[in-house]
Amino acid sequence: MRVERPWGWYEDLLAAPGYKVKRLLIHRGRQLSLQRHRHRSESWTVVAGDGALLCGERWLEAEAGVMLTIPCGALHRARSDQSDLVMLEVQHGNDLREDDIERLQDDYGRVIS
């Protein structure tokens, strides 16, 4: 099932106890919230497009084949640049609910205080 978001969309591909796999598309020129999670870590693999990935204070150029590990509690975000950015996201943890997102900055007015 595809879930539309202001930045693009995501699809749940696979879920089992302790992990979930998603495909995300971030439209050209858009970005995810600056966010962190209390109950899960994530790993991102870029499959297409270009942009940048942030973990902590470090930006990494995003292009096909780039992988990023995001520890539980780390600030992170992804943005696309000249083309749509497509990533696979693997979530790891005991609580993988969508409401485990603490947004610190968001271009779409979704910051939760």
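This is a predicted model: local features need pLDDT of at least 70, side-chain atom pairs count only at pLDDT 80 or more; totals for chains, interfaces and linings use all residues.
I started with burial: 43% of the 113 residues in the protein are buried (under 20% relative accessible area with a 1.4 Å probe, protein chains only).

Residues are numbered from 1 along each chain as its sequence is written, and side-chain values use heavy atoms, with hydrogens and water left out.

Next I looked up the secondary structure. I found zero helices and 11 strands (strands are DSSP runs of E, at least two residues, and helices are H or I runs, at least four, numbered from the N terminus).

Then I checked the overall form. The C-alpha trace spans about 35 × 30 × 30 Å along its principal axes. The radius of gyration is 13 Å, which agrees with the value near 13 Å for a compact globule of 113 residues (taken over C-alpha atoms; the rule is 2.2 Å times the number of residues to the power 0.38).

I also looked at contacts (heavy atoms within 4.5 Å). Of those between residues at least 6 apart in sequence, 66% join residues at least 24 apart.

Last came the surface. The protein exposes about 6200 Å², and carbon and sulfur atoms supply 51% of that (Shrake-Rupley method, 1.4 Å probe).

Terms used. Buried means under 20% relative accessible area, exposed over 50%, partly exposed in between (1.4 Å probe, protein chains only).
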